[in-house]
Amino acid sequence: MPAPIHPKSIVILDFGGQYAHLIARRVRESGAFSEIRPPNTPASELKDAAGIILSGGPQSVYDDGSPQADPAIVHLGVPVLGICYGHHWIAHTLGGKVTGGKTKEYGRTQISTHKDATLFQGLPEKFVVWMSHGDEVTTLPEGFICAASSADCANAAMESEARKIYSVQFHVEVVHTEYGNEILKKFVSLTDHAEWSIESYAKRIGEEVKKEVGDRRVFMLVSGGVDSTVAFTVLNEVLGAHRVQGLLVDTGLMRKNETRAIMNAFDLFGIENLEVVDASDEFFRNLEGVYEPEEKRRIIGDTFLAVQKRISEDMHLRFEDGWMLGQGTIYPDTIETGGTQHADTIKTHHNRVEAVQKMIDAGLVIEPLKDLYKDEVRKLGEEIGLSHDLVWRHPFPGPGLGVRILCAEHQEEAIPTYDIPQTTYASAVLPVRSVGVQGDGRTYRHALALFSETPYMIEPRFMELATSIPNTNPTFNRVLQCTSHITPPEFIFSPGYVTRERADLLRAADDIVYDEMHRAGLYEKIWQFPVVLLPFGTAAGMQSIVLRPIESQEAMTANAVSLPEEVVKIMTEKILKLPGIDCVFIDLTNKPPATIEWE
Ligand code: XMP
């Protein structure tokens with residue numbers, strides 16, 4: 001049974017595109033609370049919504065099995081905004097006509113708006129939007145006016161002011177649409193929404209936590225990541241330290257000096273109810289001889305649970321004695337995308353595994369941040385007084401360096417060869433594969449390294465090839481620039497799984513990258529910067545390092561960052577001084593087709 005919607009929120013029905021979270025965030029930036037629901041949510045559950053937004057989606061309304069909303073939602077009297085697929089669905093449902101278009105591409109297109117259109121009041125008559133070509137509305141439903149047109153699309157927007165139903169063929173939520181934010185704000189202003197800001201939420205959160213916890217106490221695993229740090233601090237503030245117990249498990253897969261840094265940060269805040277347990281031996285023992293990425297994730301997750309269970313038993317923290325489990329889950333982790341289930345195939349949500357879901361259903365779990373996006377968690381952290389540096393730490397995956405130490409038992413039998421068409425650049429296929437995402441699922445493919453006479457300068461042409469090669473060649477899901485060599489060396493593979501020695505080596509490289517990033521003033525410009533260890537080098541027993549700086553908003557899509565030449569140079573030179581590393585690369589691939597992490 002889904003939780004009821006927040007009264008007067010703006011609900012986004014997710015038809016499965018990549019865009020539902022983007023719309024939800026933009027609505028919140030306009031000052032209204034937003035939440036995402038599956039497309040077929042019954043109208044009866046939406047009657048208290050202030051507004052309903054129907055998102056875009058990849059399908060045609062005529063496709064078999066295409067997602068359908070409850071037709072009654074257009075009769076609730078609640079303002080509705082349809083975007084792309086939502087635009088077609090509204091036209092189709094209210095008796096208009098939708099016709100299959102020629103192409104399925106996206107592009108910048110100029111539209112002309114109708115002077116009487118409510119949605120575009122106050123905007124220029126003509127502006128550029130990010131149009132999705134595909135199906136289009138060819139006959140308007142009765143009572144609707146055409147609100148905008150483009151050269152190729154007569155009904156690029158339509159509306160019925162009397163019914164408060166508006167819809168657009170283009171994506172208002174992406175930055176490529178001029179005035180996209182203004183259009184969303186206009187829609188939000190037409191609704192009777194509850195006001196939303198992080199400051200007002202910070203006040204409300206205390207009451208909600210108190211109500212949910214009652215007279216129980218909360219036990220919580222703290223990783224040092226932004227989410228668990230903020231959640232743990234909120235619980236301490238609201239319930240008082242005597243009703244909260246934190247546990248920090250040192251897995252051996254954390255960053256250099258991480259445990260100390262986390263404890264110092266909490267000390268400064270006066271939080272002392274944090275038990276630290278060094279379980280690194282147990283983690284490395286369980287990972288011995290394990291090469292497969294998902295198997296590694298499972299073992300790390302299971303070891304966490306086993307340690308947590310043992311410690312909580314030792315400390316007598318039992319549910320039957322009035323303890324609950326606290327989690328730092330944030331909003332994107334709680335959402336199953338309705339149309340495509342896409343998010344699930346990309347990322348495992350470790351705090352929504354079956355055992356935890358059962359506890360949630362039994363009311364044994366408290367998640368104070370479950371309605372918030374990452375940037376909102378950061379604002380909340382600052383609002384409650386945590387230091388700026390602490391809340392602006394880069395995201396770090398739950399399995400830690402474990403997913404950044406690439407493991408392989410044997411060299412691939414046949415490594416493909418490849419010559420880049422129409423260029424003279426040298427390239428080499430790496431003797432290992434990594435995870436990517438293409439279409440709707442994971443891929444497990446080779447990376448292609450490119451070589452340049454000026455290895456520290458990121459070649460703009462290489463950035464382009466990093467998009468075109470994986471898109472046209474199914475062998476590859478990543479393209480890298482080698483920053484340590486100007487011509488391809490012979491790669492010598494060494495089998496390897498996760499060991500303390502490899503973790504220490506990667507920790508040292510990661511530490512260099514973090515220092516240099518800070519020194520160059522880049523830390524807050526880069527969203528995340530994984531550093532990855534690969535089991536081959538140019539001599540027996542040697543290994544390689546991959547730099548993976550990316551910019552992103554919520555990690556669902558990401559762009560590779562082109563680092564300045566002097567930063568690449570200093571990072572490469574310092575990493576090459578580490579004993580055991582003799583090759584360095586920088587990953588230039590966006591997500592998709594690559595994922596952020598290599599596993
Ligand atoms: P990918 O590699 O799927 O990563 O593009 C998206 C975001 O999720 C993080 N990540 C994880 N986080 N457990 C986590 O808590 C995991 O197993 C995991 N795998 C990836 C990754 O660091 C990025 O921020």
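Helices (H or I, at least four residues) and strands (E, at least two) are DSSP runs, numbered from the N terminus. Two strands count as paired if DSSP finds at least two bridges between them. Six residues separate strand 9 from strand 10, and the two strands form a hairpin.

This is a predicted model, in which local features need pLDDT of at least 70 and side-chain atom pairs count only at pLDDT 80 or more, while totals for chains, interfaces and linings use all residues. Residues are numbered from 1 along each chain as its sequence is written, and side-chain values use heavy atoms, with hydrogens and water left out.

The cysteines can be taken next. A search of the whole structure finds zero disulfides, a disulfide being a pair of cysteine sulfur atoms within 2.5 Å. The closest cysteine sulfur to that of Cys153 belongs to Cys146, and at 8.4 Å it is too far for a bond. For Cys84 the closest cysteine sulfur is in Cys153, 10 Å away, which is also too far for a bond. Cys84 counts as buried because its relative accessibility is 5%. Cys153 is likewise buried, at 5% relative accessibility. Here buried means under 20% relative accessible area, exposed over 50%, and partly exposed in between (1.4 Å probe, protein chains only).

On the scale of the chain, the domain assignment gives domain 1 (10–189), domain 2 (198–403) and domain 3 (417–587). These bounds come from an automatic or database domain assignment. The C-alpha centres of domain 1 and domain 2 lie 37 Å apart. Their contact takes 14 residues from domain 1 and 13 residues from domain 2, where contact means heavy atoms within 4.5 Å.

Strand 13 (residues 244–250) pairs with strand 14 over five bridges in the parallel sense. Gly246 has Leu274 in strand 14 as its bridge partner. Strands of a sheet pair through backbone hydrogen bonds, either parallel or antiparallel.

The nonpolar cores come next. A nonpolar core is a set of buried Ala, Val, Leu, Ile, Met, Phe, Trp, Tyr and Cys residues joined through side-chain atoms within 4.5 Å. The largest has 65 residues, of which Val513, Phe529, Ile545, Leu547, Leu563 and Ile575 touch the most other members. Helix 15 (residues 500–519) supplies the largest share of this core, eight residues. Domain 2 (198–403) and domain 3 (417–587) both give residues to this core, so it lies between them. Leaving out residues up to four places away in sequence, Val513 touches Phe529, Val531, Leu547, Met571 and Ile575. Another core, of 37 residues, lies apart from it and includes Ile10, Ile83, Ala147 and Ala148.

Helix 14 (residues 460–472) has 13 residues and reaches 19 Å from its first C-alpha to its last, close to the 18 Å expected at 1.5 Å a residue. The expected span is 1.5 Å times one less than the number of residues. The buried residues of helix 14 are Phe462, Leu465, Ala466, Ile469 and Pro470. An α-helix has 3.6 residues a turn, so residues three or four places apart point the same way.

Some backbone details remain. Tyr179 has a positive phi of about 65° although it is not a glycine. Tyr179 lies in the loop between strand 11 (165–168) and helix 3 (180–189), and counts as partly exposed at 32% relative accessibility. His316, also not a glycine, has a positive phi of about 60°. The loop between helix 8 (293–314) and strand 15 (323–326) holds His316, which is exposed with a relative accessible area of 52%.

Two cis peptide bonds close the account. One joins Lys591 and Pro592, with omega about -20°; the other runs from Pro592 to Pro593, with omega near 15°. Pro592 is in the segment after strand 26 (581–587), and Pro593 lies in the segment after strand 26 as well.
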